[in-house]
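Grab a pencil and work through these exercises with the model in view. Try each task before you read its solution.

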Amino acid sequence: ESSTSQTYLEILNNKLFVLPEIKENFIGIAHDFASSLTGIENGLITLLRKDHKKEFLDLKDPCHGLSLTIRNSLGHLPDILTNFITKIHSHFVSPQRKQQLIRIQEEGGIESPLVLKKYVQTRWLSLGLSLERLLVLWDPLKSYMSENMSETKGF
């Protein structure tokens, strides 16, 4: 019921470090930048170093770090762009609309048609993949929008 560094330390001591081979070979923790893990005075890494009187590797997960950077940078994007990304992905939730986009690509001679990659905030780096796919599909998307002018006026 608690996520404090002291709670985590107790769990490690009572569940993991009861095995001497684990305690002796324990060299560090990879984590998601949580303050309860990284806090200079009371973070789990600091408590472990004090408790076990040795250095531990403090590996902040690079993928999570990049995700945090991207998420924070989204606040600097114009609202019109973020709204467009949200709307276009919402529009192509329908299997019929996806199939229409595939048909347009096939008619254009594309042998391996693609659909959008959905941006999901909780999936690391999915925004970059989503935007990359939007750029690849830009011309077929313009054709799709031209065919469906009455449905796509909000874009």
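**Exercise 1. What share of the 155 residues in the protein is buried?**

Start with the cut-off: buried means under 20% relative accessible area, with a 1.4 Å probe and protein chains only. By that rule, buried residues make up 30% of the 155.

Before going on, note that this is a predicted model, where local features need pLDDT of at least 70, side-chain atom pairs count only at pLDDT 80 or more, and totals for chains, interfaces and linings use all residues. Residues are numbered from 1 along each chain as its sequence is written, and side-chain values use heavy atoms, leaving out hydrogens and water.

**Exercise 2. Work out how the radius of gyration of the protein compares with that of a compact globule.**

First, the rule: take 2.2 Å times the number of residues to the power 0.38, with the radius itself taken over C-alpha atoms. For 155 residues, a compact globule would come out near 15 Å. The protein has 24 Å instead. Now look at the C-alpha trace, which spans about 70 × 35 × 25 Å along its principal axes.

**Exercise 3. Describe helix α7 and find its packing partner.**

Helices here are DSSP runs of H or I, at least four residues long, numbered from the N terminus. Helix α7 covers residues 95-107. Next, pick out its buried residues: Gln100, Leu101, Ile102, Ile104 and Gln105. These pack against α9 (138-147), where contact means heavy atoms within 4.5 Å. Finally, step past the end of α7 to Gly109, whose phi is positive, near 90°.

Notes. Buried < 20%, exposed > 50% of the residue type's maximum accessible area, 1.4 Å probe, protein only. Helix = DSSP H or I, 4+ residues; strand = E, 2+ residues; numbered from the N terminus. Expected span 1.5 Å × (residues − 1).
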